[in-house]
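Here's a quick tour of a protein model, with an eye on how side chains pair up.

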Amino acid sequence: MTVDRSGGAKVSPSRRRRVNPMSVGAWPLLFIGPLMLGVLIFYYFPIIGNLYASFTKTNAFGGNQKFVGLDNYTDLLARPDLPSATVNTLFYTAVVLLAVPFSVVIASLLELPGLKGRSLYRVLFFMPYLAMPVAIVLVWRLFFNGNFGLLNQTVKALGVADPPYWLSTPWLVILAVAFFGIWASIGFNVIILSAGLKSIPKELYEAAQLDGAGAWHQFKNITVPLLTPSIFFLTIMQAIGGFQLFDALFGMLGLNNPAAGASRSLVSLFYQEAFVNNNRGAGAAISIMILLLVGAVTAVQFWAQKKWVHYV
């Protein structure tokens, strides 16, 4: 113990009570333990098991597992349909990312002061996200039908005598499915962006109005820069969802479509090998390839966000 200049006693720093971070006991582990156990069992353990399966081969019934090293990966890289499936997946992902700027515009319009029916508009935009994707795809399949679909009937009414068959031409199939993907994801994006818009201080817009800035300049210089954290999150989620393209494409093409072979995605290849051909090792190798691609794209996005994402 030491004495300060005023004559009072002063406790030495070395004798101050130090809080032991483990003094709370096992309560934190008790709360997060079940969650971490579920993540370990249902996420990490399947990834590890799938990685091991990609180095093995089995018979048609999944038995007689045999370690084959990198044979599944060399066979995968030698597949003639791998480049087209990769290009289709990347093309779909790039087009679906257009949903993010569309969602920014829609969310900004929904947050305009004095807008009536704002809650109704939010519900209408969010409803497609809640519906079953396959059920909605069947409706869009009728929309894109080459013979009597609403799209081609509209194009014919505009003077085009021979509109394309959207679901029978390989690259048009991916474009049609991407258009559906944009429509289906806008609802979720708008909800996230609306929350981000509410966090922007109103004083910034008031100061901009006093300086004579119009609505466009406020949107460009205030709204978009301060929304970049939400936009970055949505680009990550949209890109990951793009690499998982399967159900919408499968529903659009059907079973006997002549464009099915040239319009496959990477997940379609995985489904074909793992569940149709019963080649579990090859399917596991394709899934690991998808995982690596998603990881690489996500890493690039995190690297690039340092140059354009602005955190308040």
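In this predicted model, the aromatic pairs come to 20. One of them brings Phe250 and Tyr271 together edge-to-face, with 6.1 Å from centre to centre and 65° between the planes. Salt bridges turn up too, and there are 6 of them.

**Aromatic rings**
- Phe250 sits in helix α11 (residues 247-253) and Tyr271 in helix α12 (residues 266-276), so their pair links distant parts of the chain, 21 residues apart.
- Phe250 counts as partly exposed because its relative accessibility is 38%, which falls between the 20% and 50% cut-offs.
- Tyr271 is partly exposed as well, at 32% relative accessibility.
- Elsewhere, ring pairs join Trp140, Phe143, Phe144, Trp166, Phe179, Phe180 and Trp183 into a cluster.

**Salt bridges around Arg79**
- Arg79 forms a salt bridge with Asp81, and their closest N and O atoms are 2.8 Å apart.
- Arg79 also meets Glu273 in a salt bridge, at 2.5 Å from N to O.
- Since Arg79 lies in the loop between α2 (71-77) and α3 (82-96) and Glu273 in helix α12, this pair ties together parts that are 194 residues apart in sequence.
- Arg79 is buried at 18% relative accessible area, Glu273 is buried at 10%, and Asp81 is buried too.

**Another salt bridge, and a network**
- Glu111 and Lys198 form a salt bridge at 3.6 Å, N to O.
- Glu111 is in the loop between α4 (99-110) and α5 (118-130), while Lys198 is in helix α8 (residues 170-198), 87 residues apart.
- Lys198 is exposed, with 52% relative accessible area.
- Shared partners join the salt bridges of Arg79, Asp81, Arg264 and Glu273 into one network.

Technical notes
Residues are numbered from 1 along each chain as its sequence is written. This is a predicted model: local features need pLDDT of at least 70, side-chain atom pairs count only at pLDDT 80 or more; totals for chains, interfaces and linings use all residues. Side-chain values use heavy atoms; hydrogens and water are left out. Rings of Phe, Tyr and Trp (its six-membered ring) pair if their centres lie within 6.5 Å; planes under 30 degrees apart count as stacked, over 60 as edge-to-face and the rest as tilted. Helices (H or I, at least four residues) and strands (E, at least two) are DSSP runs, numbered from the N terminus. Buried means under 20% relative accessible area, exposed over 50%, partly exposed in between (1.4 Å probe, protein chains only). A salt bridge is a side-chain nitrogen of Lys or Arg within 4 Å of a carboxyl oxygen of Asp or Glu.
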